[in-house]
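Let's take a friendly walk through this structure.

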Amino acid sequence: MLKKIILLWQQFKFKTESFFILSVLSAVIFYPSEKAMLISAFLLPAVFIGRKTGIIIGLFTAVSAYFLAGHLLITEIKKPEGDNWLYKTTWGSLLAPAGLQPGDVLSGEFRKKTYSFLKEGRFSAGYYIAEHIDKKTSVTFIKSILLKREELSDSLYYSTGGRLTLTQALTLGDRRYIPQTMNDLFLVTGLGHLLSVSGMHVAVLAGMLYFLFGFLPSKLRLIPMILSMLLLMPLTGFTVTVCRAALFGFFIMTAKLLDYRTDTGKLLLFAAGMFVLLTPSLLGDISFILSFSAVLGLVYLPDIRNNLLASVAVGLAASAFIMPAAAAVFGMFNVSSVISTIVLSPVVALQMAVFGLYCFFPEHSLAPLLFLEDVHMLVVKFFSDHSDFFYQVYKPDKYVIAFMILFLLYTLVKRRVLAAAVLLMLPYLPAENAPRAVETTVSKSEKAVETQKNVRKGAYFMGYKRSKAFLILDGKVHIFYKGTYGDFKYKFVPFLTDMGISKADTGTIIIYNGENYLIKIANESANYGGVCVNETRADCKAVFHTRSNTYDCDDDKRLHILYNNDRDCRNMILLKKSGDVVLNEDTYQRQ
């Protein structure tokens, strides 16, 4: 009986798929329980691979998971934060005492704190605070590579007077020098994936090495390519996207070198399952989800001989498969990225190639790098200026997300991956966007103002501490924002995205430490649909004050809204007490 079960198990066609699903389920059910995840890390490989090999791999996975759960590697020094410093690590950002260097391995107690603009959850993104560091060690070889990475990045920046900022991200995975405005340009054009070294960059590197060692037999060319995959991980700071792409490339090339036939789709699923077992928190890492989704579509892409058609097909497949996660998390979409990525691919390849020359001939490579970076940014700005009609916000509900995932799975099973491109049209279909309900608690003197839920028209006032903002919907969209870049990008823009708004008819956006590329305004003016800012004209239905204690109860004709005030006026709303407030048009003026 046992032999029959073993025989049936060996003939089971979906072992790899089951391994991947169970790896994800184990993380969803057990994380952050360390003991339960270690048991899963051992049992799943042991059972699914079987025999002694499975037991050995299971033990290796469990031991590796145990080490990774208790240790983190410093990969980059970011900036000072009060008495501490902010570091980039293999876990994410870490707030710890000064004096740490790239290559230091820490063990101790690290408390995770969710980012303030996200909801608390087991898989929520956040940063870590070093409560207590038990031990600090260094891996000399890794440390030397990480320090060389930092030296190269700094050299590119300072030797050009701060003009080179993009090249570091494309080649070294270092985004320290990229200004926020540049980040936003890549975001609205759908080209943000170019700023993270991932599968595309790994493929370009592999292709260049294959060409460079063309004098060797085809099999021997694989050896420098395999070594480059291992070197690329520390050279780019052990980012998730690089580790996933480099290890995947390493496995495929090693299999070809050893004449071992393998199914790349199953290899991808197995590798993803192993990643989840080793670091279950990856299920909350959007970069991991996006990169895995994109490669999943590319692996099952049909073989297309025509180079131009193949390039378009790659863009369509990658974009379609990241659609569910990107729409759910970012709520922003630009289908023109399929074309702009194709246009920029040779530019990226040239930038990577010239950077390779820079490592050996720095004086002769700076001018070409500056030229290529300028060309790159000209293309990005061109698509930003001329593809705004492609730029949409799209926040689907959970049922639409579920449908999208099921449809993608159907295209994989039927080997009709290009049919998934239908999903790219979803954001452009006409739909009635219902705004998010905004809860507010009002004081006794403010009971006349009712909180409206699921009402399209109305006035939405945000109770931000540092920044001032409101949205008026009266058939048109009127926006006012004045404040910090952080509040704008991580609070105000997500709120507008939930409302289905990416463009405004009138209004103004003033960002103290940045520029606005995310929200288009057709006519920038002080027309806010009947709400005045810091003035009381005859046509003002309500007055919004950007400074506290600037109203002294001398106007009973209008409603006054401000963050804080020492007085307690009848016709006043204090956002400090109430939080976000939603008003119907009829309640602008109190009786």
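## The strands

Strand β1 (residues 71–81) and strand β2 (residues 84–89) run antiparallel and are joined by 6 bridges. Strands here are DSSP runs of E with at least two residues, helices are runs of H or I with at least four, and both are numbered from the N terminus; two strands pair if DSSP finds at least two bridges between them. Glutamate 76 has lysine 88 in β2 as its bridge partner. The hairpin of β1 and β2 has 2 residues between the strands, and glycine 82 takes a positive phi near 70° there.

β2 also pairs with strand β3 (residues 93–97), again in the antiparallel sense, over 5 bridges. Leucine 86 stands opposite leucine 95 in β3. With 3 residues between the strands, the hairpin of β2 and β3 has glycine 92 at a positive phi near 130°.

## About the model

This is a predicted model, where local features need pLDDT of at least 70 and side-chain atom pairs count only at pLDDT 80 or more, while totals for chains, interfaces and linings use all residues. Residues are numbered from 1 along each chain as its sequence is written, and side-chain values use heavy atoms, leaving out hydrogens and water.

## A helix pair

The axes of helix α2 (residues 15–30) and helix α3 (residues 34–49) come within 10 Å and cross at roughly 170°. Axes are lines fitted to C-alpha atoms, for helices over the stretch in contact, with angles from 0 to 180 degrees between N-to-C directions. α2 and α3 are therefore roughly antiparallel to each other (angles over 145 degrees).

Terms used. Parallel < 35°, antiparallel > 145°, perpendicular 65-115°, else oblique.
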